[in-house]
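Have the viewer open as you read.

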There are 2 protein chains.
Amino acid sequence: MTRDPQFAGVIAPVLTPFGEDGSPDGERYLAHCQWLMAEGCTGLAPFGTTSEGNSLGLDERMELLEALVGGGIDAQVLMPGTGSCSLADAVVLTRHAVDLGCGGVLMLPPFYYKAASEDGLLRFFADVIEGVGDDRLKIYLYHIPPVAQIGFSLRLIGRLIEEFPDTVVGLKDSSGDWANTAAILAAHPGFAVFPGSEVFLLEGLRNGGAGCISATCNVSAAAIRHVYDHWQAGDADARQGEITALRKAIQAFPMIPALKALIAHYRGDSGWARVRPPFEALPAAQAEQVIRLLADAHNFRLDFAKAA
Amino acid sequence: MTRDPQFAGVIAPVLTPFGEDGSPDGERYLAHCQWLMAEGCTGLAPFGTTSEGNSLGLDERMELLEALVGGGIDAQVLMPGTGSCSLADAVVLTRHAVDLGCGGVLMLPPFYYKAASEDGLLRFFADVIEGVGDDRLKIYLYHIPPVAQIGFSLRLIGRLIEEFPDTVVGLKDSSGDWANTAAILAAHPGFAVFPGSEVFLLEGLRNGGAGCISATCNVSAAAIRHVYDHWQAGDADARQGEITALRKAIQAFPMIPALKALIAHYRGDSGWARVRPPFEALPAAQAEQVIRLLADAHNFRLDFAKAA
């Protein structure tokens, strides 16, 4: 197993904009993805938790992905979320992503039933891999126990790597528990481990981590990329401190609505703030608060000129 | 709001049989549903938790439902699960069920995000109802916090009934907490409340409950129906004691694999025992154990002659 270099770095779990009728807005979506790449993202992860991915329909997901590739985004930088409670739907989404040429997929475990055994989860992934039946498939496991409840134990990760060394190539660790990330890094050198927050970016890189896949890459990719590129520089800890402080300031607010409010503000496009139920948009006063707080305390602003 | 009489009684969340290739088996499925109706079910709830419903694909669910209606099952007795984390998929499944003429749908709340607000959940259902846009739609809320984590608070139930009195007409309470069921019954007379286990059938009926929707109706519908039909008879408590004891004996085993093992055994059809990952079939020794235990201690057997 050799680490797939294409995804090393800074990956944004792309926010999903919605139109007035509540449908995903392909035009805003493509523009956001182009801007994220211009800001320094090395990869894009559509349909993650931040993307309201599980609130989207099967067809909506496939159409959005096609809109990105059709719009000129290199499919090799795409790592769409294709996990599902449903084995059948996971196969449909994963096969579609592979057929489009996506460099990888980020897969949740089936998360409805809470008593899933290690053997049952292994079998789920084995069946998806067999169902897709394509050597190009590269799976990144999506470990996010605070939301999915069902996660990947160190033992299950080991069994998946052992059984599918050319297919199961990495993991996003959104446990928020550095000890867990460190344990995976120590157990599986060469396995591409991405902390789910830039808070652990530098510590991750110093321990063989592959970068980070983080919600806040939607608004601070450039600063995160700087830490990634210069992690051995003398000021790395200071720069890490800055991105950590910004992340912590943002996550004091409901994350998805807050990120959308920031983009809506700096794009001057109020429609960007829309979220899909069960989420609710940030109330105006709270949106104003996050914008001011970040501007005042972190000198934060977004510049969309370079993608125009 | 008047209670919809068609679903009052005994409803089975229908088990889903799979073929050798792992796909749902429409032929076994139809035969099982016909047998359940012959055994005394008043309604059928495909794609519930017991049905491995969330492990099925969108297309698989729609095809199975069409197989039932095409096979002669009266659509009015069907209450398929059409809830989804995805608003778009929930609309697709619900509209399909209404178009087929299903008497109702049993809807989970969107269960991926764990911090959903009451307003956000209300909006989700409002959007589904508007998206389906059909007066025939009758929604039964599916409250199962041990699995879905996200549930329906008494307040949210009240708001949904108030806003959609002709559409949100009932609830399945799989909390396992009789106090919760009793509180809903007391707060909303006329709302069709089904405990999620026959253990609470008699107590439910004495407090205005509508019957029960229970996993074990897949194997003991006749005895449960007897309690339902004769709940005011002198021996009602004794008969309730029998169905409670049987239920408790079965639920000491992994429920879904155990129910499938029982049907496989008494049908002499080993393929019936198949489950979809992340579930695992009951090991042979455990299957033998549940069959023997029920036969010896509860005089339990299944008779498929009448549906042949």
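## A buried asparagine

Where in chain A is A:Asn54 found? Look in the loop between β2 (43-44) and α2 (58-70) of chain A. Keep in mind that this is a predicted model. With a relative accessible area of 8%, A:Asn54 is under the 20% cut-off, so it counts as buried.

What does the side chain of A:Asn54 make a polar contact with? The partner is the side chain of A:Arg61, at 3.3 Å. Setting aside neighbours within four places in sequence, A:Asn54 also has contacts in its own chain with A:Leu108 and A:Phe111. Across in chain B, it is in contact with B:Cys85, B:Ser86, B:Tyr112 and B:Tyr113.

## Where the chains meet

The contact between the chains draws 41 residues from chain A and 41 residues from chain B. About 3000 Å² is buried between them, and carbon and sulfur atoms give 62% of that area. On the chain A side, A:Tyr112, A:Tyr113 and A:Pro278 supply 27% of the area that chain A buries against chain B, more than any other three residues.

## Strands side by side

In chain A, strand β5 (residues 168-173) is mostly covered, with 6 of its 6 residues buried. It has parallel partners: 5 bridges join β5(A) to β4 (residues 139-143), and 4 bridges join it to β6 (residues 192-195).

Over in chain B, strand β1 (residues 9-12) runs parallel to β7 (residues 211-213), with 3 bridges joining them, and B:Ile11 stands opposite B:Ile213. β1(B) is also joined by 2 bridges to β2 (residues 43-44), again parallel; here B:Ala12 has B:Leu44 as its bridge partner. Together with helix α1 (residues 26-39), β1(B) and β2(B) make a right-handed β-α-β unit.

## One face of a helix

Which residues of helix α7 (residues 178-187) of chain B are buried? They are B:Trp178, B:Asn180, B:Thr181, B:Ile184 and B:Leu185. Viewed down the axis of α7(B), these fall within an arc of 160°, so they line one face of the helix. An α-helix has 3.6 residues a turn, so residues three or four places apart point the same way. On the other side of α7(B), B:Ala179 and B:Ala186 are exposed.

The buried residues of α7(B) pack against several elements of chain B, including β4 (139-143), α6 (154-163) and α8 (201-206). At the start of the helix, a side-chain oxygen of B:Asp177 comes within 3.1 Å of the backbone nitrogen of B:Ala179.

Most residues other than glycine have a negative phi, and most peptide bonds are trans. A:Phe47 has a positive phi near 65°; it is found in the loop between β2 and α2 of chain A and is buried at 6% relative accessibility. A:Gln149 has a positive phi too, about 70°, but it is partly exposed at 34%. Look for A:Gln149 in the loop between α5 (145-148) and α6 (154-163) of chain A.

As for cis peptides, one joins A:Pro277 and A:Pro278, with omega about 15°. The bond from B:Pro277 to B:Pro278 is cis as well, with omega near 15°. A:Pro278 lies in the loop between α11 (255-267) and α12 (284-298) of chain A.

Terms used: Residues numbered from 1 in each chain as written. Chains lettered and ligands numbered in written order. Predicted model: local features only at pLDDT ≥ 70, side-chain atom pairs only at ≥ 80, totals over all residues. Heavy atoms only, no water. Buried < 20%, exposed > 50% of the residue type's maximum accessible area, 1.4 Å probe, protein only. Arc of directions from axis to C-beta. Contact = heavy atoms within 4.5 Å. Polar contact = N/O pair within 3.5 Å; in protein donor to acceptor, adjacent residues only side chain to side chain. Pairing = 2+ DSSP bridges. Right-handed = clockwise from strand over helix to strand, strands pointing away. Buried area = accessible area lost by both parts, 1.4 Å probe.
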